[in-house]
Amino acid sequence: MTEAAQAPQGGRRGITAAAVPDLVARARAGDPRSVGRLVSLVEDESPLLPDLMRALAPYAGQAQVVGLTGSPGVGKSTSTSALIGELRRRGRRVAVLAVDPSSPFSGGALLGDRIRMGDHVLDPGVFIRSMAARGHLGGLAWTTPQALRVLDAAGFDVVLVETVGVGQSEVEIAGQADTTIVLLAPGMGDGIQAAKAGILEIGDLYVVNKSDRDGADKVRRDLRSMLGLAERREGAWRPPVLKTVASTGEGVADVADALDEHAAWLRESGELQRRRVRRARDEIETLALTALRRRWGSVGEGDRLDELAAAVVAGEVDPHTAAAELAG
């Protein structure tokens, strides 16, 4: 039996451990199909993930990870498409991870066609991938950090993460991005939502999209007023509030400029390192807890749990003692 035959299989993708280094090399050389296959290994939760992450480790940490979040209807996909165009004009290679709602039947992304980003499909400097949120309320799939590592190691200069945007839980994107853009729009009660959802604490850039509509200036004034009340230490980043009309591209260059300014501040202040260490810590903790859940997945099987539950109800043992006995 050959080494490849003995190696773990990559699920339905039919990739072996021996093929991972070659796939990584081709992805780094700019082959979009190889990048897509590596992201699929992540999304499928392939048993080859440890091999893949080890192969990617030396190349990670170069891309600027930008999160875009906001309530449904503010124009996230249109804004993402406009920002892709501006970044490409500046010579950046751009990857997009669009985290979509999940189909209740297949678990796959419902908005996978990404019609609004269609203008960039044939651009070899752009990679767009939809990933299903799989019911995760924060708007991000739990595999998102590893998918980001694939795109980072593949040599993209900027990785845009567009989230589902599901109300208060959308703040989770701040934990995954170097820079978080919060999108708002007039006529949607976003001034109230800003305070209610806590987005004033997580945004690095605030963008009032659809600013050709009535009320855009008021949203901008209200945001600036609320941000001005926040206590900030000396030298802290002060989030700008910008206006765009993403459908026409108006104001998008200002957003790209602000991204560059924030990236420079992150490096100079040391905040980039702090954010990335925190991100890695959270990822390690998530992977460890996932492994523990799988290891103890059968803890509820068999008769012993039922026996202990009955003993707790009868007052013969307390729940803590019962849990310790089951775990032991």
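Which side chain meets Arg 129 in a salt bridge?

What we have here is a predicted model. The protein chain has 328 residues, and 46% of them count as buried. Twelve helices and seven strands make up its secondary structure. Its accessible surface comes to about 16,600 Å², with 52% of that belonging to carbon and sulfur atoms. If you take the contacts between residues at least 6 apart in sequence, 74% join residues at least 24 apart.

A word on confidence. The average pLDDT of the protein chain is 82, and 79% of the residues score at least 70. Confidence is highest in helix 9, residues 252–269, at a mean of 98, and lowest in helix 1, residues 3–6, at 34. Over residues 1–12 the pLDDT is below 50, and this stretch has 21 contacts in the model beyond near neighbours in sequence. Residues 102–113 also stay under 50, with 25 contacts beyond four places in sequence.

Now, back to Arg 129. Its partner is Glu 43, and the two side chains meet at 3.4 Å, N to O. Arg 129 is in strand 3 and Glu 43 is in helix 3, residues 32–43, so this pair links parts of the chain that are 86 residues apart. Arg 129 counts as buried because its relative accessibility is 16%, and Glu 43 counts as buried at 13%.

Another joins Asp 178 to Arg 276, with the closest N and O atoms 2.8 Å apart. Here, too, distant parts of the chain are linked: Asp 178 sits in the loop between strand 4 and strand 5, Arg 276 sits in helix 10, and 98 residues separate them. Asp 178 is buried, with a relative accessible area of 1%.

Helix 10 has a local example as well. Arg 275 and Glu 271 form a salt bridge, their closest N and O atoms being 3.1 Å apart. Because these two residues are four apart in helix 10, about one helical turn separates them. Arg 275 counts as buried at 14% relative accessibility, and Glu 271 is buried at 12%. There is also a network of salt bridges, linking Glu 86, Arg 89, Arg 90, Arg 92, Asp 257 and Asp 260.

Let's turn to the rings. The structure holds two aromatic pairs. In one of them, Phe 127 and Phe 156 are tilted, 6.3 Å centre to centre with 40° between the planes. Phe 127 lies in strand 3 and Phe 156 in the loop between helix 6 and strand 4, so the pair ties together parts 29 residues apart in sequence. Phe 127 counts as buried at 9% relative accessibility, and Phe 156 is buried at 4%.

The other pair, Trp 237 and Trp 265, is tilted too, at 6.0 Å centre to centre and 45° between the planes. Trp 237 is in the loop between helix 8 and strand 7, while Trp 265 is in helix 9, so this pair ties together parts 28 residues apart. Both tryptophans, Trp 237 and Trp 265, are buried.

Finally, the surface. Leu 289, Leu 292 and Trp 296 make a nonpolar patch of about 270 Å². Leu 292 lies in helix 10 and counts as partly exposed because its relative accessibility is 39%.

Notes
Residues are numbered from 1 along each chain as its sequence is written. This is a predicted model: local features need pLDDT of at least 70, side-chain atom pairs count only at pLDDT 80 or more; totals for chains, interfaces and linings use all residues. Side-chain values use heavy atoms; hydrogens and water are left out. Patches are made of residues with over 30% relative accessible area and no salt bridge: like charges are joined within 9 Å, nonpolar side chains (Val, Leu, Ile, Met, Phe, Trp, Tyr) within 5 Å. Accessible areas come from the Shrake-Rupley method with a 1.4 Å probe; for residues, only the protein chains shown count as cover. A salt bridge is a side-chain nitrogen of Lys or Arg within 4 Å of a carboxyl oxygen of Asp or Glu. Buried means under 20% relative accessible area, exposed over 50%, partly exposed in between (1.4 Å probe, protein chains only). pLDDT is the predictor's confidence in each residue, from 0 to 100. Contact means heavy atoms within 4.5 Å. Rings of Phe, Tyr and Trp (its six-membered ring) pair if their centres lie within 6.5 Å; planes under 30 degrees apart count as stacked, over 60 as edge-to-face and the rest as tilted.
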